[in-house]
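The sequence and structure come first.

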Amino acid sequence: MTELQGVIAGAMLALALGIYTFWPENAFANQREKTRLDYLLERKEQLYENLRDLNFEHRAGKYPEEDFLTQRALLEDETAQLLAEIEHLQQA
Amino acid sequence: MAAFGSFVLLIALALAAYNLFAGAVALRLIATGQPARISPERLADTARRAGIAGFVAVTGAAFALVWLVFANDFSIAYIAEHSNRALPAAYKFAALWSGQEGSLLLWAWLLGAYGFVLRLLHKTDVKLYAYAGTILAGVQVFFLTLVNFVAPPFSLLRGAIPDDGNGLNPLLQYPEMVIHPPMLYLGYVGFTVPFAFALGALMMRYPGEKWIKITRSWTLVTWLFLTMGIFLGMHWAYAVLGWGGYWGWDPVENASFMPWLTGTAFLHSVMMQERKGMMKSWNVWLIFSTFALSILGTLLTRGGLVSSVHAFAQSSIGNWFVAFLVIVLAVCIFTYVLQRSHLQSEQRLESLVSRESSFLFNNLVLLAACFVILWGTLFPILSEYVQGTKVTVGAPFYNRVAVPIGLFLLFLTGVGPLLPWRSTSLRAVRRNFVIPSIALWGTLIVCLVAGVKPWHDGSFDAGNFYALVAFGLSAGVFTAILSEYLRGANVIRKQTRRNLFSAMYLLIRRNTRRYGGYLIHIGVVIVVVGLAGSAFNRNSESELTLNSTMSVGPYTLKCVGFTQDSNLNYNSEYALLDVYRGGKKQFQMTPEKRVYLASQQPQTMVAIHSVPGWDLYVVYEGTNPDTGNPIIKAFLNPLVSWIWAGVIFIVLGTFVALTPNLAPATVALRVAAAQPSTAEAAVRGGD
């Protein structure tokens, strides 16, 4: 490939890439702003996962009964507050 | 083809610059809600496409360089310097990263490839990906500026065009060198992606921790590449450099190890952020540091800042990297100061006896190790700057500090899984630790009885002591992890009435991240056992005449001949050694020394016979100039193969951790969200 051929090939590639980049496209992806509710719903999933983990570790013998009950109460309390806020936001 | 390569590199730079500029403007317009003539979303999409197009352009340049190497076009200075006609095809590919210009092009291409995948996946979270893509473009602009104006790979050779090139550095003419540097670079470059996501999430004050879930696979894959790159490098050093070891605390080895340490710390502590919203600032700085250390690694490898057997391409390009590092740190600090209120922890550490605290200790220890290595690596540069004399920091310094740190880290590897999240009582801790403690002390006693004693001829032997502790801890950690698998499998077995193996499989599939992580920990334990074996290395050196013998460990090596050979690429001479054990011939070894014709550089090819207990490692050191007889050095290196076996577990574990979980066996999502009491019902179904 001569130097001229190389430049021509490069220019053709540049043209193709320019067309791809600036081609008028109306169907580009868009996304609404993430709300507090979205965040709380994500957090709810995480709290449920934490509770499942706690239950599983208890069954696997890692927590004595009293530790388990304390931890579960704490997590459930946190989850209850979160669910209440979710409900409040969903009704608003 | 050179004109094509140069041209498309310029196009790639223009596209990256557009990606950066248009992306930044679009994100600013979206953030402020200012009216604009063009829709900011449309502008952001053109920026994204410019990133994709940029990857195509860099691919064109990389293709052009490889094409020219295969075409033996020695009018290109880079190719005349790093290739020759007789170079085997696989090593012609290696020429792409054997020199400064090519390796910077490889950096840009890999970054383009990561960015290409990222931009294709943008619908996962359009805004976050737009931020990450724009930050990637900023990094890409830096590397493309270098390959366009500072270290161009397509520069023409001044003067007469030679018939043949200088050839590839002989140290690089080894099969692993075809994959080790790309792996390492995939690791270095890959950390740009979680860095970009973290910085982007901070810039946009991303609500929640979902960005961590989005980047988890990226971080794990990158970590895996870096891990494999480091171990392939160790194996290459072991098999090629001929000194009997695999890790010499060389500055370039250290450069790859430091981002690995901070990246490993990030992988652990980010779980606390995901689960409990803790340690947000810490995690952000861990990933910022990991990226900065990756750039520092590239600077050390390519910038000529330190002397190293691994620094294959040195020049004054270091100033550019230093400037880039300063800019990166300035952007990180500025963003952090501006947005730090977004990084408030949602919860506090409840107890020192918890999984969280073990992660915290693990992080502190990993960072301490990183700081020690950074200090040792940069000390020669600092001492030269301050005092005018370069003070070398050798392996004894690192071993004295890093070995105890490493053992403490191993201890934490075993302790972590035994501690539950949040907090627990000491009684529960004691109960969980009984079996691992028995394994630890039992192993120590067995080792002492077997003769692994921390004293030698009445004096303390630090090597043996550390090996003894490593064996004991390894047994304890292995037992702790195994007990975790068995405990979990037993719960599943009782729930589903499956057999133990089937329950184990289901256990792993239900929580691939945790149990894949444990598999990685088992790999680390196996690697540590292999490393501990080095305390018992033996070697012997001898000048061998025909039919004379030498001994090392249980082996006797008998010289049955020495001969020479040659091909288009190199001349070689080697010894034929019959290896006997217990009076019986076992196998033959042929340690070799080559002289590469193009570069006239010598290279050792070590002969290695590996069994699980040890490696017999034989080096042909050359001939005695007075007698013409070969000089052979033989090493007996215990447990080396365990290191490579451990890596297999680490790779397997990472693949498991990357596999999506099976859905939990619950009806959690069907429960009405407004009733707090139903949360319990939602999770009672199992894990």
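How many of the 25 residues of α6(B) are buried?

## Helix α6 of chain B

The model is a predicted one. In it, 20 of the 25 residues of α6(B) are buried, and the helix is mostly covered.

Helix α6 of chain B runs over residues 126-150.

## Fold and extent of chain A

Chain A contains three helices and zero strands. Along the sequence, these elements give the pattern α-α-α. The globule rule gives 12 Å for 92 residues, whereas the radius of gyration of chain A is 28 Å, well over that value; chain A is therefore more spread out than a compact globule.

The box filled by the C-alpha atoms of chain A, taken along the principal axes, is roughly 80 × 40 × 15 Å. Of the contacts in chain A between residues at least 6 apart in sequence, 62% join residues at least 24 apart.

Of the 92 residues in chain A, 41% are buried. The accessible surface of chain A is about 5100 Å², and carbon and sulfur atoms account for 59% of this surface.

The side chains of chain A include 9 positive and 17 negative ones. The centres of these two sets lie 3 Å apart.

Note on methods
Residues numbered from 1 in each chain as written. Chains lettered and ligands numbered in written order. Predicted model: local features only at pLDDT ≥ 70, side-chain atom pairs only at ≥ 80, totals over all residues. Heavy atoms only, no water. Helix = DSSP H or I, 4+ residues; strand = E, 2+ residues; numbered from the N terminus. Expected span 1.5 Å × (residues − 1). Buried < 20%, exposed > 50% of the residue type's maximum accessible area, 1.4 Å probe, protein only. Rg over C-alpha atoms; globule rule 2.2 N^0.38 Å. Contact = heavy atoms within 4.5 Å. Areas by Shrake-Rupley, 256 points an atom, 1.4 Å probe, with all protein chains shown as cover. Lys, Arg positive; Asp, Glu negative; His and termini not counted. Charge placed at Lys NZ, Arg CZ, Asp CG, Glu CD.
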